Amino acid sequence: MEKYLYIALFAPFVSSLFSALFTATPKKLFTGIIASLLIFTSLVSSTILLIYLFKGGEPIHVEMMTWMATGDLYIPFGFLVDQVSVTMMMVVTLVSTVVHVYAIGYMDHDKGFNRFFSWLSAFVFSMMILVMSDNYAGLFIGWEGVGLCSWGLIGFWFHKESASWAANEAFIMNRIADLGMLIGIFLIYWNTGTLQYDGAFAAFHTLDPTTLTWIGIFLFIGAMGKSAQFPLHTWLADAMEGPTPVSALIHAATMVTAGVYLVIRSNELYSLIPDVGLFIASLGTFVALFAASMALVNRDMKRIIAYSTLSQLGYMFAAAGLGAYWVALFHLMAHAFFKALLFLGAGNVMHAMHDELDPFKMGGLKKVMKWTWIMMTIASLALAGIFPFAGFFSKDTILEAAFADHHYVIYGVLLFTAGLTAFYSFRLVALIFHGEERYKLFGIHPHEAYRFMLVAMSPLLLFAIIAGVFQEPFFHMVEELLRAHEYHIHSHTTLWIMLLGTQIFVGLAILYAYKKYARSGIKVPDGTSATENSFIYKLLINQYYIPYFYEEYIIRPYRELSAVFWQKIDIKIVDATVDGIAGIIYSTGEKTRTMQSGNLSTMLKWMVVGLVVLLSLAVIFGVTVRYSDGAASALSGLGVM
Amino acid sequence: MEIGLNHYLVLSTILFAIGLVGVMKRKNLLLLFFATEILLNAVNIAFAAISHYYGDLTGQMFAFFVIAIAASEVAVGLGLLIVWFKRHGTIDLDLMTSMKG
């Protein structure tokens, strides 16, 4: 089984290196194909591992080699495949296989075709390290690796100012959070003496709650950055500057869920500190509502889906914070499938509409893009949590968990957010695929994507539909590891009222969205209508003025401060000192070079001067040393005597 | 008055000073060699005197080395001097300034 572990881990690495060989050459189709095949190999290995573990096999733990061994510190390159990591591996490899194949079509005309596959595979490799590592240090390597690849892929079209800005924003914001995570890791090592999961988890039980709380908080700060939780959320929407397959893979299905994975992986820690857990759940709930509200009015197709991702991450954190780790992991998995599908569908639409992102300029596309329409509708149904699609099982379980734990506020907010989710998802679907064909005004002739791209998307479609049936088996698989328990609401009547109530509520939200946006006569908003001038609309479209706030009160003062430091301290003190030293040496040389007249007689005179100087020094030293004990000890201290 | 170590050392110092002045002042390459010989022999005198004073032969042995090496040095130096004279027709130091910095 170890063999499969290594194949699953290193196939993406080989793929990345192989594609990297061709980054400087024009598009070569085979890089895409070989990269896809290698990622598929990884998928097959992960599946074999999943089946093995599902049948009750022991978790596989290997130590490839020692990484650091100094004193008491011992960190190996160790990998662990247990029920949690194998779930993540399945999600990562499945979505990335789909995205790789899809990208062959999507990046068809791009000059950076080979470079794209190199980065994309490198991302998969980093993600695999992140989920497979058996210690926090390895997790951190993967964590930084995915951050780097995310930077490279968001800024893939680096000639666009906005893209490179967004890439830097994502990277810097993640770095800020990573500092928190690093402190958390240091605290773990400090207090437990190990970074291995098993050793650290065992030691957590002996630590006092304050220490554990700090560790929990700092680790969660790291998770907040990677999973774009408030207040570090702004980068995720801006990250939509990257190519759409990247958004599907990194900013919907895998990387942004790394924070959730961290909390799930550290469940032994968080179950000891329920207060931090409650904070996580509350923040998650808040973000779910907060992000959903911004998605309601946005006019950028990809940003709407990004906000929806943010909102769903909030759901996952709510579940994980309440201790329902398996529910969080299950929602993570289900979400990865339907959200990646939604993004790839959006990619098809973008291609058809020549990179137009405003859904108000589309409309009526279902005639030309039947399959994309079907896929996006099903993905949206799954996202909204309609029976029997994937989201119903995962999201309703989160609601049930909140309800069964008597957190009625969280339950209420999440329920309300479910309605918002349904509304904005179908607002998007209605605007893109129904109603009048507004795109004709802009002279665009849309066409359906390549057939193989649609075929590539079909596994995601399948899982978005049927993922619910895996709930029971999944529960039994992770039951032991995550100490999971099923949430039972005691009264059957309450349960049915809740289920039906949620379904009806969500259904009404969908109908309302259709009614409002699928009708004919929708105009491209031009900023004159009453809605657009209302306070709430302005608040939401400007993302609660948070990016503005960051720009105005953090970035600008920082830039001004940097300018001051640059001009006053760097140029006037640091540079001046260094330049001064160089200037002195230079001018000394300039002046003394006249000594080198080339005249032997002059040189001999200088030689005699040197001799006299050295001789005098020797005499002075000798005399001083003989007649003064202090000087002798000072000189011996210098190692002269 | 008995002649002691100090007399030798004083002689050696005087000779060394004469040699040093010669090295600095002479403009003729041949006379420069003479000045160098004076320097070396000043040191030789000091070696021999101190060696005798301590009853240790090492100093005198060293003086022989110096003589031998001085001889070979002069042989090489004179050879170069002759070549230089044949080529340039002069051995004036002030005219040998091809290695200007």
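**Cores, a helix and a hairpin**

Guide: This is a predicted model. Its largest nonpolar core holds 204 residues, and A:Ala340, A:Leu341 and A:Ala464 touch the most other members. Helix 15 of chain A, residues 325–352, gives the largest share, 20 residues.

Visitor: What makes A:Ala464 a residue in contact with others?

Guide: Contact means C-beta atoms within 7 Å. A:Ala464 touches A:Phe337, A:Phe338, A:Leu341, A:Ile378, A:Ala379, A:Ala382, A:Phe389 and A:Ala390. Residues up to four places away in sequence are not counted there.

Visitor: Which residues belong to another core?

Guide: Another core, of five residues, lies apart from the largest one. Among its members are B:Ala46, B:Phe47, B:Ala49 and B:Ala63.

Visitor: Why is helix 11 of chain A called largely enclosed?

Guide: A buried residue has 20 or more other C-beta atoms within 10 Å of its own. In helix 11, residues 258–265, eight of the eight residues are buried, so the helix is largely enclosed by the rest of the structure. Among them are A:Tyr261 and A:Arg265.

Visitor: What makes strand 1 and strand 2 of chain A a pair?

Guide: Pairing needs at least two bridges. Nine bridges join strand 1 to strand 2, residues 73–81, so the two strands pair. They run antiparallel. A:Val62 stands opposite A:Phe79 in strand 2. Their hairpin has two residues between the strands, and A:Gly71 takes a positive phi near 60 degrees.

How values were computed: Residues are numbered from 1 along each chain as its sequence is written. Chains are lettered from A and ligands numbered from 1 in the order in which they are written. This is a predicted model: local features need pLDDT of at least 70, side-chain atom pairs count only at pLDDT 80 or more; totals for chains, interfaces and linings use all residues. Helices (H or I, at least four residues) and strands (E, at least two) are DSSP runs, numbered from the N terminus. A nonpolar core is a set of buried Ala, Val, Leu, Ile, Met, Phe, Trp, Tyr and Cys residues joined through C-beta atoms within 7 Å. A residue is buried if 20 or more other C-beta atoms lie within 10 Å of its own, exposed if 12 or fewer, and partly exposed in between; C-beta atoms are placed from the backbone. Two residues are in contact if their C-beta atoms, placed from the backbone, lie within 7 Å.
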